[in-house]
Amino acid sequence: MMISLFFLYALLAMSFTIGKMLLFYVTPIFLIAIRMSIAGTVILGMHYFMSRSKTKTSSFGIKSLADLKILVLLSFIHILIPYCSEFIALEHIAPSCAALMFNLTPFFSAFFSYLYFDEKMTFKKWLGFLIGLFGIGYFLEPTALSCAGLSSFYPYVLLLIAVVSCALGWIYVRILVKDRGYSPMFVNGFAMLLGGLLAFPISGMLEGPLAFPLESMRSFLTLLALIILVANIIFYNLYGFFLKKYTATLLSFVGFITPAFVALFDWLFLEIYVSSGFFIATAILGFGIYIFYQEELKQGYVAQNS
């Protein structure tokens, strides 16, 4: 159901705010090292025990050398590169600006899906794209202008790298999950664990000695546990599950709603006023998604009962 996809991106929106708060305690690459190492270990552990409970044996094996190469590649393009780039950028900009940049993801997903899966972009799909972009732009115009008006272009270059890398990463996740038969938990857990471990020496070289915020450890651990639960465990595995039903392009397109959810959370938890434009933009965006989704059904990329 499409409602499930909106829930998925509400979780993603929450992770932007939590991530910004975590940067008050530690440096960005060190944060990614800790977060992904813990998250990968937890997810692989969950996968191990869940697979044993179902089959009495663990499904921990990698089927071929080619699959192993893809898994290692994923640790770079799906975890290490996009997350380090994003969180370094988050040191300098607001979460809403970062979320706005990630609205470019569907365009890169459509491009990569065309290259890898020969998924065609029709006139109605482009129309849905443009309607959705207009809707979110209508609501976020003041944010977009303030983001664009910043003197430093450096954070947005990093975010663009994150967006392209993330879009390509989900293509390979889809290959492993849908075509090669791997569990989303195993794929995500492996990539997170290896990506996190690789981030430790990089942090040591670029950020200096590794240090925990001992004076604020309780607050730091609480936020860290929350972002791992919300983003790494729930969001990533739900996204992997939905890749079995929907195309990567459709999933990333529904992500247009993420900045609006960021604004909604600002209103709910920080008492920042949300104008009526929020509801207008949501309606416009929903109409654009509907057009795009119906065209995917027509093309046969999405099962009618999904």
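Predicted model: local features only at pLDDT ≥ 70, side-chain atom pairs only at ≥ 80, totals over all residues.
Student: How many helices and strands does the chain have?
Tutor: The chain has 12 helices and 0 strands. Both are DSSP runs numbered from the N terminus: helices are H or I with at least four residues, strands E with at least two.

Student: What percentage of the residues is buried?
Tutor: Of the 306 residues in the chain, 54% are buried. Buried means under 20% relative accessible area, exposed means over 50%, and partly exposed lies in between (1.4 Å probe, protein chains only).

Student: Changing topic, how many salt bridges are found in the whole structure?
Tutor: The search finds 1 salt bridge, defined as a side-chain nitrogen of Lys or Arg within 4 Å of a carboxyl oxygen of Asp or Glu. Asp67 forms a salt bridge with Arg180, and their closest N and O atoms are 2.2 Å apart. The pair links distant parts of the chain, 113 residues apart, with Asp67 in helix α3 and Arg180 in the loop between α7 and α8 (184–207).

Student: Are those two residues buried or exposed?
Tutor: Asp67 is buried, at a relative accessible area of 3%, whereas Arg180 counts as partly exposed at 33% relative accessibility.

Student: Which residues form the nonpolar patch on the surface?
Tutor: Ile62, Leu65, Leu68, Val72, Phe76, Ile81, Phe153, Val157 and Ile161 form it, with about 740 Å² of accessible area together. Such patches are made of residues with over 30% relative accessible area and no salt bridge; nonpolar side chains (Val, Leu, Ile, Met, Phe, Trp, Tyr) are joined within 5 Å, like charges within 9 Å.

Student: Which element gives the largest share of the patch?
Tutor: Helix α3 gives the largest share, 5 residues.

Student: And where is the kink in α9 centred?
Tutor: The kink, of about 30°, is centred on Ile228. The bend at a residue is the angle between axes fitted to the seven residues ending there and the seven starting there.

Note on methods
Residues numbered from 1 in each chain as written. Heavy atoms only, no water. Areas by Shrake-Rupley, 256 points an atom, 1.4 Å probe, with all protein chains shown as cover.
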